[in-house]
Amino acid sequence: MKIKIERIFTNDVYCIGKLYIDDTYVCDTLEDSDRVLDQKMSIEEINSKKIKHLTAIPTGTYTVVLGYSPRFSNNKFYKSLGGKLPRIQNVPGFEGVLIHAGNTHNDTSGCILVGDNSIKGKVLNSRYWYSRIIEKLKLTEINKSPIILEIIRKY
């Protein structure tokens, strides 16, 4: 399975994108501000531009695995969906980056939120879209197929 996020807008607070699964548009995304980091940059360069908890991960291609998160382990919503969350692997300069539900940049801390960008600076219906996405990812995991995430800039 291939997930693609096309970042279409950023400002000094947040970044809006479009999420596709196997080339089909699914929903919008909200991340922290895109500080124009790229996976190919050195760790030193990434760290010099990154603002902790306020920066979107570098553009690039990553592997995603489903796993448990201590931050969300007692959350009833995530438990109802099996408890596993999509974790983005080997992000240079970042740790513990997840795809999850949330509404504003205050909910991200470097993670990717999913939903409808129908209000400026927010995504709504996040739990609905997260539920739809996690069900697809769980099927991919059962089939032992890799999950690849590509993040690109379109602005």
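Predicted model: local features only at pLDDT ≥ 70, side-chain atom pairs only at ≥ 80, totals over all residues.
Strand β2 and strand β3, residues 24–32, pair in the antiparallel sense over 8 bridges; two strands are said to pair if DSSP finds at least two bridges between them. Strands here are DSSP runs of E with at least two residues, numbered from the N terminus. Within this pairing, G17 stands opposite T29 of β3. The hairpin of β2 and β3 has 2 residues between the strands, and D22 takes a positive phi near 50° there.

Residues are numbered from 1 along each chain as its sequence is written, and side-chain values use heavy atoms, with hydrogens and water left out.

Let me turn to the other partner of β2. Strand β1, residues 2–10, pairs with β2 in the antiparallel sense over 7 bridges, and a hairpin of 3 residues joins the two. How many residues of strand β2 are buried? Of the 8 residues in β2, which spans 14–21, 7 are buried. Buried means under 20% relative accessible area, exposed means over 50%, and partly exposed lies in between, with a 1.4 Å probe and protein chains only.

I come now to the aromatic residues. The structure holds 7 aromatic pairs. Rings of Phe, Tyr and Trp, the last by its six-membered ring, pair if their centres lie within 6.5 Å; planes under 30 degrees apart count as stacked, over 60 as edge-to-face and the rest as tilted. Among these pairs, Y20 and Y25 are edge-to-face, at 5.8 Å centre to centre and 70° between the planes. Y25 counts as partly exposed because its relative accessibility is 39%.

A further edge-to-face pair is formed by Y128 and W129, with 4.9 Å centre to centre and 80° between the planes. Is each residue of interest here buried or partly exposed? Y128, at 45% relative accessibility, counts as partly exposed, whereas W129 is buried, with a relative accessible area of 15%. Elsewhere, ring pairs link F72, F77, Y78 and Y130 into a cluster.

Finally, charges over rings. The charged end of K4 sits over the ring of Y20, 5.6 Å from its centre. K50 lies over the face of F94, at 4.1 Å from the ring centre. The criterion is NZ of Lys or CZ of Arg within 6 Å of the ring centre and within 35 degrees of the ring normal.

Key
Helix = DSSP H or I, 4+ residues; strand = E, 2+ residues; numbered from the N terminus.
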